[in-house]
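Open the model in your viewer and keep the selection tool ready. Each stop gives you something to select and tells you what is there.

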Amino acid sequence: MKAKFFSSFLWIFFCSAIGIVAYAGESGAKPVIVVSDLYVPAQDVGDNFDILTPYALPQIDLKGVIFDITEDYRNGIDNGGAEREPGYIAITQLNWIFGKNVPCACGPFSVMESADDAKEDVPVFQQQGFELFFRLLRESRQPVAVVSTGSCRFLAAAFNREPELMRRKIDALHICAGASSASFKEWNIDLDEHAAARLLTSGLPICLYPCATENGPFDKGENNTFWSLDSLGFVMDMKPQLKNYLVYAFLRKTDNAYLHYLEKPLSASDSTAFLDFRSDRFYGSGGAHYIWETSVWQQVAGLALAHIPDEGWRLVPESSLPKDCLRFDEGLKPVTLEVENDGCFSFSYSDRETGVSIYWRNDPELHQTALREALPELYKGFLKPHD
Ligand SMILES: [Ca+2]
C-alpha cells in the first residue's frame, strides 16, 4: 500500500513537473451523471426544462445521461395511449446546440421484483445504461456526483450489480424523490418501491431533495423543493436554439425534423401556444410551470441564491458572492433516515455527519419569489457571453 501510494505520488510529481496533469476536474468542473425519466414527447416537461442546467453551467462536466423509463408511461397509459420514447431526441438536440457529445442510454423499463433484483434479465437495449454508467465511473479519475430526477430503479439495480465500484467512485447521490413526511408516497418513490427502499438503505452517501410534503407535490414546505414560475415569457429572450428546444418540449412536438426545428425562426403559432402554456390549468395551485430541481443543481454546482444590490435575486457561484448581498438561507442538513419497505421514509436531524443529508429552506414563499427573478436570468444567460 505504502509503495503504491509513494509511486502514485512520484507519478503525480513527475506529471506536474512537465505540466501534463489533466484530471477530469482540473477546470474545476464537477463530473456529473444524470439519471432522468426524460421522455419525448415529455411526460413531466420539467425534466426537459431542467436538463438544460447541467449542459449550460460551467461548474458541471456532464458525463452522461441514463434514461429511467417505465413501460406503462412509454405506452402513454396516463395520457390516452399517446406514446412516448426515451429522451434521445432531447439529448441529441442539446448535444447539437451545445456542441457536446454527451452519451445517453436506457436503464430497465420494468419495476424491481425485490430489493435485491439486479435486473439481469431485461433486454439488451435496457442493459445499455448499466454499461455506460459503469464505464463512466471507471474512467473518471475523480469521484462522480450522480443526480437522479426519476425513480430509484436504475441506481438500485446498478448497486446490486457493482456495489464496490459505486462506493469507490461516487462522491454523492443527489436523489430528487420522496416527501418530507412518510405519510405521502411521492411519484418517484411510487414508480419503484423496492428500488427506493434499496437505494436509501445502501449506505452510499446520499443528499435527498424531497419533491413533496404531506400535502402532495404542489405544496411548499421547509424540506421540499417545489416552486413555480409565474410566467414563461423570459424564454423568448433566451438564445434562439434554446428557446426552440424548450418550445418543442413544452408543445410535445413529435416532428422528425427535430434539429431543423432548432434552427428555424419560431412560428407565430408555436410561440403563441407556448406562451399560453400553464401548469396550473392542469394541476391547480398557481403558476405557469412547476419546478422541483433548482435546489439540486444549486447544491451540485455551488450556486447561492442571493439578493445583489441594484440587481435583484440572482443565482451566483458561491466563490464570487459579493460581500454586501443578502443570501437566501437554505442547504443540506445531516439526518438519520428511517426507511420503510415501500420506500417512504422519515428523518430526524443529526448533529453529526451521517452520510445522508436532506434539503432545507428557511422561507418557502420567499424562495419562490426569489427564484421567479433569479432562474429566468440564469436561463437567459445560457450560451451568451457574460460581462
Ligand atoms: Ca422527473
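Select helix α6, residues 124-139, in this predicted model. At 1.5 Å a residue, its 16 residues should span 22 Å, and the end C-alpha atoms are 22 Å apart, so expectation and model agree.

Now colour its buried residues: Gln126, Gly129, Phe130, Leu132, Phe133 and Leu137. Look down the axis of α6: these buried residues fall within an arc of 160°, so they line one face of the helix. The background is simple: an α-helix has 3.6 residues a turn, so residues three or four places apart point the same way.

Turn to the face of α6 that points away from the buried side. Val124, Phe125, Glu131, Arg138 and Glu139 are exposed there.

What do the buried residues of α6 pack against? Show strands β1 (30-36), β3 (60-67), β5 (104-106) and β6 (144-148), then helices α7 (153-161) and α8 (163-169).

Next, the core. The largest nonpolar core has 104 residues. Val32, Val146, Leu155 and Ala249 have the most contacts inside it. Helix α11, residues 240-250, gives the most to this core, with 7 residues. Centre on Val146. Leaving out residues up to four places away in sequence, Val146 touches Ile33, Val35, Leu155, Ile170, Leu173 and His174.

Switch to a cartoon view for the sheet. It is open, has 9 strands and mixed pairing, and runs in the order β5-β3-β1-β6-β7-β8-β16-β14-β15. Find the edges: β5 and β15 (345-349) each have a single partner strand, so one side of each is left without a neighbour in the sheet. From one strand to the next, the twist averages 30°.

Select β8 (206-208) and β16 (356-361). These strands run parallel and are joined by 3 bridges. Ile206 stands opposite Val356 of β16.

Most residues other than glycine have a negative phi, and most peptide bonds are trans. Go to the loop between β2 (39-40) and α2 (45-50), where Pro41 is found. The peptide bond from Val40 to Pro41 is cis, with omega near -5°.

Two non-glycine residues with positive phi come next: Lys119, at about 55°, and Asp310, at about 70°. Lys119 is in the loop between β5 and α6. Asp310 is in the loop between β11 (303-308) and β12 (312-317).

Which is buried and which is exposed? Lys119 is buried, with 24 other C-beta atoms within 10 Å. Asp310 has 4 C-beta neighbours inside 10 Å and counts as exposed.

Technical notes:
Residues are numbered from 1 along each chain as its sequence is written. This is a predicted model: local features need pLDDT of at least 70, side-chain atom pairs count only at pLDDT 80 or more; totals for chains, interfaces and linings use all residues. Helices (H or I, at least four residues) and strands (E, at least two) are DSSP runs, numbered from the N terminus. The expected span of a helix is 1.5 Å times one less than its number of residues. A residue is buried if 20 or more other C-beta atoms lie within 10 Å of its own, exposed if 12 or fewer, and partly exposed in between; C-beta atoms are placed from the backbone. The arc is that of the directions from the helix axis to the C-beta atoms. Two residues are in contact if their C-beta atoms, placed from the backbone, lie within 7 Å. A nonpolar core is a set of buried Ala, Val, Leu, Ile, Met, Phe, Trp, Tyr and Cys residues joined through C-beta atoms within 7 Å. Two strands pair if DSSP finds at least two bridges between them. Axes are lines fitted to C-alpha atoms, for helices over the stretch in contact, and angles run from 0 to 180 degrees between N-to-C directions.
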